[in-house]
Amino acid sequence: MNIVRISGHAGTVPGENASREYAVAKLIDVTTCIGCKACEVACLEWNGYPFRETVFDNTYQTMPDLEWNYYNLIRFDEHVKEDGNLSWLFRKDGCMHCAEPGCLMACPADGAIVQYANGIVDFNQDNCIGCQYCVTGCPFNIPRFNKETKKVHKCTLCSDRVGAGLEPACVKACPTGCLHFGSKDDMKELGEKLSTQIRDNTSHKNAGVYDPPGVGGTHVMYVLHDAQNPERYSGLPRNPTIPLAVRIWKGPLKWLGNAAMIGGILGAAIHYLRFGPKKEDGPHA
Amino acid sequence: MPDRIPDRLPDEVVRYSFSERLCHWVNSATYCYCLATGLAFYTPHLFWIAVTLGGGATSRYWHPVVGVGFALTAIWMHRTWISDMHITALDREWLRKAKAYATNDDANVPGQGRFNAGQKVFFHAMFYGAAALLLSGIAVWFPERIPAWLRSSAILLHEAAALVTIGAFIVHLYMGIFVVPGSMAAIVHGRVSRRWAAAHHRLWLKSE
Amino acid sequence: MTNGWIDIRNTDMMLIMGGNPAENHPCGFKWPIEARHNRNAKMIVVDPRLTRTGAVADLFLQIRAGADIAFLGGMIHYAVENGRIAREYLVNYTNAGFLIHEDFALPADGLFSGFDAETKSYDRSTWNYQGAAAPGALPGTVGFDATLENPQCVFQLLKKQYSKYTPEMVERITGIKRDDFVKAAELFTSVRKDGDMTKVATIIYAVGWTQHSFGVQIIRAAAILQLILGNVGRAGGGVNALRGHSNIQGATDVAGIFDNLPGYLKVPTPADHTFDDWMKRITPTVSKPKEWDSWNYWSNTPKFAVSLMKAFYGDAATKENGWAFDYLPKVDREYSWTHIFDDMYQSKVQGLICFGMNPVNIGPNSQKNIDALKKAKFLVVCDIYPEETSSFWESPGITAAQQKEIQTEVYRLPGAGFAEKDGTFVNSARWLQWKWAAVPIPGNARLDHEILSRIFLSVRELYRKEGGKFPDPILNASWNYNTPEVPLLSEIAKELNGRDLTTGQQLPGFAALRDDGSTMCGNWVWSGSWPEAGPLMQRRGTEDPSGLGVYPNWGWSWPMNRRILYNRASADVNGKPWDPSRKQIWWNETAKRWVGNDVPDFKVDSPPSDHMGPFIMNPEGAGRIFGPLAAFADGPLPEFYEPVESPAKNAFHPGQSANPVVKKYTSDHDKYGTPEQGFNVICTTYRLTEHYHYWTKNNPMNVQLQPEPFVEMPVELAEELGVKGGDQVKVTSARASFVAKAMVTRRIRPMQIDGHKTYQIGVPIHWGYRGIQEDKGKTSRNLINSLSPTVTDPNAFTPEFKGFLVKVEKA
């Protein structure tokens with residue numbers, strides 16, 4: 001695959017735009033997800049992670065949260081609708097593969113996070129220094145830290161499979177076909193088509209595609225029954241952006257800091273040339 | 001002076017006791033390590049520093065640990081010197097004349113106690129900078145237990161605080177090494193000549 | 001399934017009820033989703049709980065468990081009252097216009113005509129068409145009224161029967177608000193709006209319908225609804241049972257039940273003295289209006305039976321000895337699953353061999369079954385995991401002293417898992433699909449049929465050596481395999497297809513079967529699956545020339561690769577498809593044949609002018625709205641009865657609340673609870689998508705996804721009990737108690753049943769006392785079916801697992 005951006009990396013990106021690759025995307029049609037968790041299992045099996053002991057927690061959800069070796073969790077959420085009926089929502093949670101990835105922006109380690117030309121944002125644990133700035137940079141709260149290895153992990157969108165021309169493991173395993181994979185353009189079109197169909201033929205008049213512009217769009221998108229209220233889907237952010245503090249930190253503050261540091265050193269040097277040292281025994285009147 | 005008096009020549013006075021010097025150098029060593037590794041995390045153009053110091057992961061591992069050391073010695077230093085660091089009317093007078101001091105027009109600079117106002121400002125900047133670095137650093141250290149807004153604010157604060165200390169540090173280093181001959185020797189050996197003391201800290205020498 | 005999984009994508013309307021395909025058939029659930037994508041199909045889900053199927057439905061209604069007939073009767077009522085019926089279909093393809101015996105009476109007081117309170121059974125002679133010559137036989141010619149106006153015609157009786165199933169009554173009984181019910185009825189029957197015949201609706205169900213003391217009648221009600229709407233035989237229509245095991249359809253086809261022989265042949269009884277007696281009794285004769293023609297395909301029964309006997313006994317079955325009729329056991333009474341265990345509990349059954357079955361878990365009233373096993377002399381269990389049945393002697397509550405008293409000798413045989421062996425699965429769509437072993441058999445495990453073969457050969461050897469009371473059936477059983485100890489599955493499959501004994505060639509299909517002993521066939525419905533051309537079930541052709549998802553070259557579907565049963569009904573009386581965009585078969589006047597995208601389930605050269613009925617397996621040729629004579633034990637038309645344990649009296653006839661022909665067992669374990677005794681909460685059982693029956697509690701992956709048993713209960717009930725999610729609760733029925741953690745949810749709501757606030761709870765079935773969590777002591781190690789009653793449907797003998805009474809307490 002073709003890399004376009006590398007975290008913490010000075011200079012040009014090797015192989016940038018060296019070959020043609022189209023942007024890929026996964027489209028999650030929440031309206032036809034049945035919460036079967038086949039994607040969770042496929043993810044574990046493809047990535048070679050172990051099954052773990054879980055505890056009943058008054059929910060169908062496998063466990064409370066993502067973990068460093070559990071990239072993909074269906075979140076179960078219940079809401080009483082306006083008409084008094086209950087809606088039971090299943091949202092497959094995992095990395096959104098932002099076009100403008102906050103994790104990558106925040107990451108100081110050379111080559112720990114790469115963004116490929118096809119849109120996949122991948123973590124390279126060999127280069128990860130374990131600072132977890134990516135956790136802070138992520139508007140979706142996705143990266144998870146392995147305390148033992150001091151490395152951060154998240155969904156790779158099966159970059160290994162995709163690089164070999166396959167679809168991600170979760171998509172392969174999805175029995176209802178609520179997970180779609182293809183070019184970003186095709187997935188957007190499909191998402192719009194599905195949303196239109198839902199709006200026209202069901203009571204969900206606010207159906208729409210979740211492809212938040214605040215992070216430049218994502219390479220994992222949702223079709224939601226109610227795109228006006230993404231928070232209903234276990235707290236999907238309404239308008240996610242890279243946190244302001246991270247943007248200040250990596251933007252103005254950085255340039256200010258650079259200028260100040262360089263200016264300070266230069267200033268000292270010029271000062272020395274102009275005024276030189278003080279006399280050791282004080283002013284000579 | 002509670003410490004043992006260093007051997008000194010008749011025309012010398014003790015400026016820094018052993019414990020003061022130890023405190024200063026431990027503090028500065030930890031600071032320098034954090035500065036170096038911090039700069040590596042600050043910009044990709046300096047990431048080579050982390051590589052040089054054993055690799056990114058190693059640097060990341062030790063940076064907060066050493067940082068805690070820095071913060072602790074900053075407290076030690078504070079306890080040691082705070083009594084000499086209160087800003088006085090004299091200091092305000094000195095600050096008004098700071099330009100004269102900076103342009104080596106030292107004849108027009110009022111006589112100073114043990115520390116001049118510039119040193120005092122540096123002292124306070126470093127101490128509060130260290131406090132800010134410690135608090136924000138803890139938040140950055142354990143991000144998973146901290147709410148997102150606090151985490152990102154902490155990163156911002158950590159970096160801003162670091163920049164303040166770096167600015168102060170550049171001045172401190174420049175002054176100590178280049179501008180005021182004898183000050184480096186003072187913080188190393190602890191002794192200064194009476195002449196030096198009279199020139200730079202006249203009022204202190206009188207009280208000595 | 002009358003249709004198939006893929007065909008669901010052709011539908012316009014789905015009623016999913018008594019089933020939870022999103023959770024229990026997730027792979028098949030892609031087809032309902034496709035129907036929605038391709039045709040904007042609507043999905044109505046009716047269930048006691050908001051399931052994951054309900055979560056993605058267009059309309060979800062919460063029904064009281066066991067009230068399904070009231071709901072469906074209400075739908076029939078709505079369709080008839082609002083003219084949402086397929087009139088041409090009804091008149092020409094069903095028995096709606098047939099005239100019924102004058103003495104037949106509808107169950108105004110809860111009883112159809114002919115009830116004998118003594119024996120709790122019906123004299124069904126009045127459940128007949130007019131003009132029968134003999135009391136127990138259908139008339140050759142049936143009176144017929146094409147106007148459907150005659151008050152004795154089936155349609156008028158239907159109308160009368162369901163006139164009381166008003167939306168108000170539906171609400172009283174089912175707990176579904178009147179408006180919601182009408183919304184659902186309007187939506188579902190909208191496919192027949194203004195008599196338009198192009199649209200099609202399907203009904204999809206599973207064991208949520210079968211597991212009742214009136215399960216068959218629920219499915220009958222669904223079939224009637226589909227017949228009056230003209231949805232049977234058509235792409236996107238039908239009455240579709242979703243099978244819960246990969247091969248349960250196959251097990252049914254080869255007669256895994258006492259009252260059938262392979263291919264749905266009825267078993268002989270002691271009254272059948274000869275083969276001919278037997279044939280005479282079970283071979284139907286044509287019974288139809290004089291204007292009609294009827295193929296009456298079961299008239300071929302003797303061909304199927306003789307060929308089966310030749311498969312069973314080979315050369316030992318001759319015309320002279322009545323095809324070895326004497327070798328067949330004569331079934332003198334009911335021997336269903338619950339009967340076997342009741343007999344064992346009474347020490348009549350002394351040994352049990354279990355293959356692919358875990359009876360301690362699967363049966364109702366588990367403690368009775370455990371106690372029955374204690375009385376057996378031997379128990380053989382072939383399984384792939386240590387399971388509850390072979391561990392019955394160490395089930396919770398048994399002391400060491402009691403264990404010493406158990407004399408049952410238990411054998412555990414390590415069988416092979418499904419992925420460790422070749423062979424066919426027959427899926428819900430009746431497709432035979434061959435699969436190949438994916439992994440080698442581990443350790444000392446053996447193929448199940450090798451174990452069976454070795455047992456058989458050893459038993460036969462004993463008979464050969466020691467004689468015995470009647471060794472002939474054993475000694476003469478046909479066992480012509482290359483390696484008798486391990487028959488090849490291909491040898492068995494070829495035997496099931498059948499062979500011409502003269503030429504030695506594989507038969508092309510059941511049309512080639514003969515009743516003169518020149519053919520043999522192990523299961524006539526599968527005949528044609530392995531002809532001379534080879535194993536058709538191994539085909540993997542992905543061509544779909546019609547674009548309707550027929551895939552005629554993928555696997556093989558019984559009968560004769562027909563993908564949709566009764567597909568003659570997909571065309572009008574003149575042989576033109578109802579919907580030109582979903583053509584199944586049609587009459588080609590030039591070729592004088594029925595042709596089409598599917599194999600015609602019909603006499604291919606019978607022109608529409610002959611008016612042959614499309615339902616060729618009925619002697620009438622008609623779809624049966626009225627099920628005459630012996631078709632059903634409990635009524636020719638479905639009537640709503642309360643479950644045996646119910647919180648309410650039957651709102652139609654409180655004097656006859658439950659199904660009158662259902663028999664209760666009388667052992668000391670067979671207790672039945674009433675609301676008066678404090679059992680006032682309805683309990684239903686179900687499966688979760690994360691588990692597969694009682695197996696996957698041995699698999700860390702499934703255990704991770706759902707680690708332990710729980711009791712799903714409404715928030716309101718939990719509040720009353722002071723229970724929070726995760727607290728232990730004790731659920732008690734008249735038979736036993738069950739302890740598990742509470743899952744407090746809004747997905748089950750309190751209901752108003754006949755004016756009373758009524759709670760339902762649900763408990764998944766998957767856990768027991770053997771498994772990963774169980775063996776670590778991390779669950780309460782009890783069996784949900786210890787709660788359920790031993791009471792069964794009188795036709796299919798399926799226990800009433802859905803909807804029995806319990807009380808719930810904080811544990």
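**View 1. Chain A at a glance.** Chain A has eight helices and eleven strands in its secondary structure. Welcome to a predicted model, with every value here computed from it. The radius of gyration of chain A is 24 Å, well over the 19 Å that the globule rule gives for 285 residues, so chain A is more spread out than a compact globule. Along the principal axes, the C-alpha atoms of chain A take up a box of roughly 95 × 45 × 40 Å.

**View 2. Inside chain A.** How much of chain A counts as buried? For the 285 residues of this chain, the share is 48%. Turning to contacts in chain A with a separation of 6 or more, 63% of them come from residues 24 or more positions apart.

**View 3. A three-stranded sheet in chain C.** Here we move to chain C, where three strands form an open sheet in the order 10-11-12, with parallel pairing. At the edges sit strand 10 (351-355) and strand 12 (409-414) of chain C, each of which pairs on one side only. From one strand to the next, the twist averages 10°.

**View 4. Strands 11 and 12 of chain C, side by side.** Look now at strand 11 of chain C, made up of residues 378-383. Over six bridges, this strand pairs with strand 12 of chain C in the parallel sense. Which residue in strand 12 of chain C is the bridge partner of Val380(C)? The partner is Tyr411(C).

Key: Residues numbered from 1 in each chain as written. Chains lettered and ligands numbered in written order. Predicted model: local features only at pLDDT ≥ 70, side-chain atom pairs only at ≥ 80, totals over all residues. Pairing = 2+ DSSP bridges. Helix = DSSP H or I, 4+ residues; strand = E, 2+ residues; numbered from the N terminus. Axes fitted to C-alpha atoms, helices over the stretch in contact; angles between N-to-C directions. Rg over C-alpha atoms; globule rule 2.2 N^0.38 Å. Buried ≥ 20, exposed ≤ 12 C-beta atoms within 10 Å, placed from the backbone. Contact = placed C-beta atoms within 7 Å.
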